[in-house]
Amino acid sequence: MYISTLSLTNFRNYQNLSLSLSKGINIFFGDNAQGKTNVLEAIYLCATARSHRTTSEKEVIKWDSENALVNLMLTKQYSLSTIDFIISRRYKSVLVNKLPINKLTKLFGVLNVVFFAPENLDLIKKSPKDRRRFIDIELCQLDSMYVSQLSSYHKILKQRNCYLKQNVDNINYEFLDILDENLYKYAKKIFYKRSEFIKNLNTKAAAIHLELSGGKEHLKLIYEPNVDINIFKSRLKFNRDRDIRTKTTNSGPHRDDINFLINDHSLKLFGSQGQQRTCILSIKFAQIDIITEITGETPILLLDDILSELDINRQKYLFKYINNLQTMITCTGVDPNLFTWNDSIKVFIVEKANIICKN
């Protein structure tokens with residue numbers, strides 16, 4: 001798949017922008033704080049219904065405007081699609097092929113992206129919440145049922161936590177039994193899908209990492225569920241006194257994590273910065289392979305100022321993977337020797353919210 005055109009209206013620092021994009025590599029070149037990342041953010045928003053930079057999408061609206069609009073035209077192997085994403089101060093709405101969708105979660109899977117930014121390099125060192133978010137975003141792009149199941153789980157979890165907070169002195173245990181049964185119903189589905197995804201990701205990322213490290217390092221990704229799903233219901237009952245005391249649900253998929261090992265040693269505790277970056281690079285390449293296998297379409301790769309964070313060998317390996325997929329690169333400088341310059345590469349100069357195609 002590839003995006004042929006992208007238009008932004010009152011989005012971040014852009015009042016009106018219209019771009020015709022290459023099917024291959026698109027380089028957005030310019031100084032910092034000129035609007036390069038805003039282009040990638042708009043594409044990511046159309047793929048995941050959220051910004052990668054803020055939890056409040058209203059922040060993307062240009063400061064002197066009431067709403068923002070992103071429009072893109074997407075070409076797939078057998079179809080053409082348009083996405084219109086409208087954000088106002090009061091609501092968000094999405095049109096796919098000019099037809100409104102009643103739930104933002106239905107946007108998942110229309111446009112698949114793999115996003116790679118400098119902050120991704122800290123995934124290993126960040127909190128379990130960040131790693132769960134990584135798993136969930138990838139699974140949501142690949143499985144529309146997972147979107148629904150995850151949403152249902154969190155709705156019941158929120159209901160249970162609210163009940164614990166409001167009824168600490170008057171708990172109805174039969175009502176908790178009903179909530180726990182429903183929580184388990186969705187937790188089981190989330191567990192198996194996360195487990196299968198990490199297993200697949202581990203197989204592919206390990207092979208890539210072995211090549212990247214010259215055969216010296218064996219990468220292993222381990223899914224670490226907070227609780228064995230087979231005893232989840234009994235754990236909820238066993239932990240009730242604690243849950244009532246702390247007024248929150250202390251067990252479940254909302255506390256899962258991933259562990260990363262290199263040669264059977266914790267990458268978080270003992271890995272060098274170079275090893276951690278190679279691990280994340282391997283995971284991103286594995287994501288590309290998984291999305292392509294499952295959907296039959298290559299995803300769009302978004303690289304936000306990542307080249308300066310990778311040494312020349314990792315940069316070269318990166319560009320081995322982008323020959324057959326559309327790539328958006330933001331950078332302040334680029335080594336021309338990395339590319340085989342041809343008609344599939346477009347260079348855009350970005351300066352003060354103005355973008356000019358150089359070639």
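What pLDDT does the protein chain average, and what percentage of the residues score at least 70? The structure is a predicted model; its protein chain averages a pLDDT of 89, and 97% of the residues reach a score of at least 70.

**Confidence**

- Within the protein chain, strand 9 (residues 219–224) has the highest confidence, at a mean of 96.
- The lowest confidence falls in helix 9 (residues 312–320), where the mean is 78.
- Where pLDDT is low, the predicted coordinates should not be read in detail.

**Helix 4**

- Helix 4 spans residues 173–212, which amounts to 40 residues.
- From the first C-alpha to the last, helix 4 reaches 54 Å, close to the 58 Å expected at 1.5 Å a residue.
- At the start of helix 4, N172 places a side-chain oxygen within 3.0 Å of the backbone nitrogen of E174.
- After helix 4 comes G214, which has a positive phi, near 70°.

**Aromatic pairs**

- A pair of aromatic rings is described by the distance of the centres and the angle of the planes.
- With ring centres required to lie within 6.5 Å, the count comes to five aromatic pairs.
- One of these is formed by Y44 and F115, with 5.3 Å centre to centre and 70° between the planes, an edge-to-face arrangement.
- Y44 belongs to helix 1 (residues 36–48) and F115 to strand 8 (residues 113–116), so this pair ties together parts that are 71 residues apart in sequence.
- Both Y44 and F115 are buried.
- The ring centres of F191 and Y192 are 5.0 Å apart and the planes stand at 75°, so this pair is edge-to-face as well.
- F191 has 16% relative accessibility and therefore counts as buried, whereas Y192, at 45% relative accessibility, counts as partly exposed.
- Through ring pairs, F191 and Y192 are linked with Y223 into a cluster.

- The side chains of N38 and N13 make a polar contact with each other, at 2.8 Å.
- Apart from neighbours within four places in sequence, N38 is in contact with F11, R12, N13, Y14 and R53.

Key. Residues are numbered from 1 along each chain as its sequence is written. This is a predicted model: local features need pLDDT of at least 70, side-chain atom pairs count only at pLDDT 80 or more; totals for chains, interfaces and linings use all residues. Side-chain values use heavy atoms; hydrogens and water are left out. Helices (H or I, at least four residues) and strands (E, at least two) are DSSP runs, numbered from the N terminus. The expected span of a helix is 1.5 Å times one less than its number of residues. A polar contact is a pair of N or O atoms within 3.5 Å; within protein, one must be able to donate a hydrogen and the other to accept it, and residues adjacent in sequence count only if both atoms are side-chain atoms. Rings of Phe, Tyr and Trp (its six-membered ring) pair if their centres lie within 6.5 Å; planes under 30 degrees apart count as stacked, over 60 as edge-to-face and the rest as tilted. Buried means under 20% relative accessible area, exposed over 50%, partly exposed in between (1.4 Å probe, protein chains only). pLDDT is the predictor's confidence in each residue, from 0 to 100. Contact means heavy atoms within 4.5 Å.
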